[in-house]
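Here is a friendly walk through the model, starting with charged side chains and moving on to the strands around them. Keep the viewer open as you read.

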Amino acid sequence: MRADETDAINIVVSEREMVADGVVRVEFRSPEGADLPEWSPGAHIDVHLPAMIRQYSLCGDPGERDRYAIAVLKQPDGRGGSRYVHGRLEVGTSLTISAPRNRFELVDAP
């Protein structure tokens, strides 16, 4: 099930960095500088790209509410989302994302 369009969040790409071979880390922030909704490890967001919506796991510190980050592996034979993120998503780009949702909540273990 996809997140409802009513939970759309406007964000801007604030940073991008190649962090490994074929992997780009993209950071998002609110254009107004507002805190973003809380999230927990295992959470995903829908990233609304031109003509497609792709889901990516959030990474980083959930306590840093002023930013979200994703890491995207370039999939040359994929459906186009990773190629767009790698080739066309630049700092300053405005996008819409969903609020985080977590269907893979981590549980405490001994």
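The side chains of Arg67 and Asp66 meet in a salt bridge, with N and O 3.1 Å apart. A salt bridge here is a side-chain nitrogen of Lys or Arg within 4 Å of a carboxyl oxygen of Asp or Glu. A word on the source: this is a predicted model, in which local features need pLDDT of at least 70, side-chain atom pairs count only at pLDDT 80 or more, and totals for chains, interfaces and linings use all residues. Residues are numbered from 1 along each chain as its sequence is written, and side-chain values use heavy atoms, leaving out hydrogens and water.

**Salt bridges**

By this rule the count comes to nine salt bridges. Three of them are set out here.

| Pair | Closest N to O distance |
|---|---|
| Arg29 and Asp66 | 2.8 Å |
| Arg101 and Asp46 | 2.8 Å |

What does the bridge between Arg29 and Asp66 tie together? Arg29 forms a salt bridge with Asp66; Arg29 lies in strand 2 and Asp66 in the loop between strand 4 and strand 5, so the pair connects parts 37 residues apart in sequence. Strands are DSSP runs (E, at least two residues), numbered from the N terminus. Asp66 is partly exposed at 26% relative accessibility, Arg29 is partly exposed at 25%, and Arg67 is partly exposed at 24%. For these words, buried means under 20% relative accessible area, exposed over 50%, and partly exposed in between (1.4 Å probe, protein chains only). Arg29, Asp66 and Arg67 also belong to a network of salt bridges that includes Glu15, Arg25, Glu27 and Glu64.

Arg101 forms a salt bridge with Asp46. Arg101 lies in the segment after strand 6 (94–97) and Asp46 in strand 3, so this pair ties together parts 55 residues apart in sequence. Arg101 counts as buried at 17% relative accessibility, and Asp46 counts as buried at 1%.

Six strands form an open sheet in the order 4-3-6-1-2-5, with antiparallel pairing. Strand 4 (52–57) and strand 5 (68–73) are the edge strands, each pairing on one side only. Two strands pair if DSSP finds at least two bridges between them.

Strand 2 (residues 23–29) has six of its seven residues buried, so it is largely enclosed by the rest of the structure. Strand 1 (residues 9–20) runs antiparallel to strand 2, and seven bridges join them. Glu15 has Glu27 in strand 2 as its bridge partner. In the hairpin of these strands, which has two residues between them, Gly22 takes a positive phi near 80°. Strand 2 also pairs with strand 5 in the antiparallel sense over six bridges, where Phe28 has Tyr68 as its partner.

**Strands 3 and 4**

Strand 3 (residues 44–49) and strand 4 pair in the antiparallel sense over six bridges. His44 is found in strand 3 and stands opposite Ser57 in strand 4. The side chains of His44 and Ser57 are joined by a polar contact of 3.1 Å; a polar contact is a pair of N or O atoms within 3.5 Å, where within protein one must be able to donate a hydrogen and the other to accept it, and residues adjacent in sequence count only if both atoms are side-chain atoms. The His44 side chain also reaches the backbone oxygen of Gly42 at 3.1 Å. Is His44 buried or exposed? At 17% relative accessibility, His44 counts as buried.

Ala51 sits in the loop between strand 3 and strand 4. Ala51 is exposed at 89% relative accessibility, and its phi is near 65°, a positive value in a residue other than glycine.

Definitions and conventions: Helix = DSSP H or I, 4+ residues; strand = E, 2+ residues; numbered from the N terminus.
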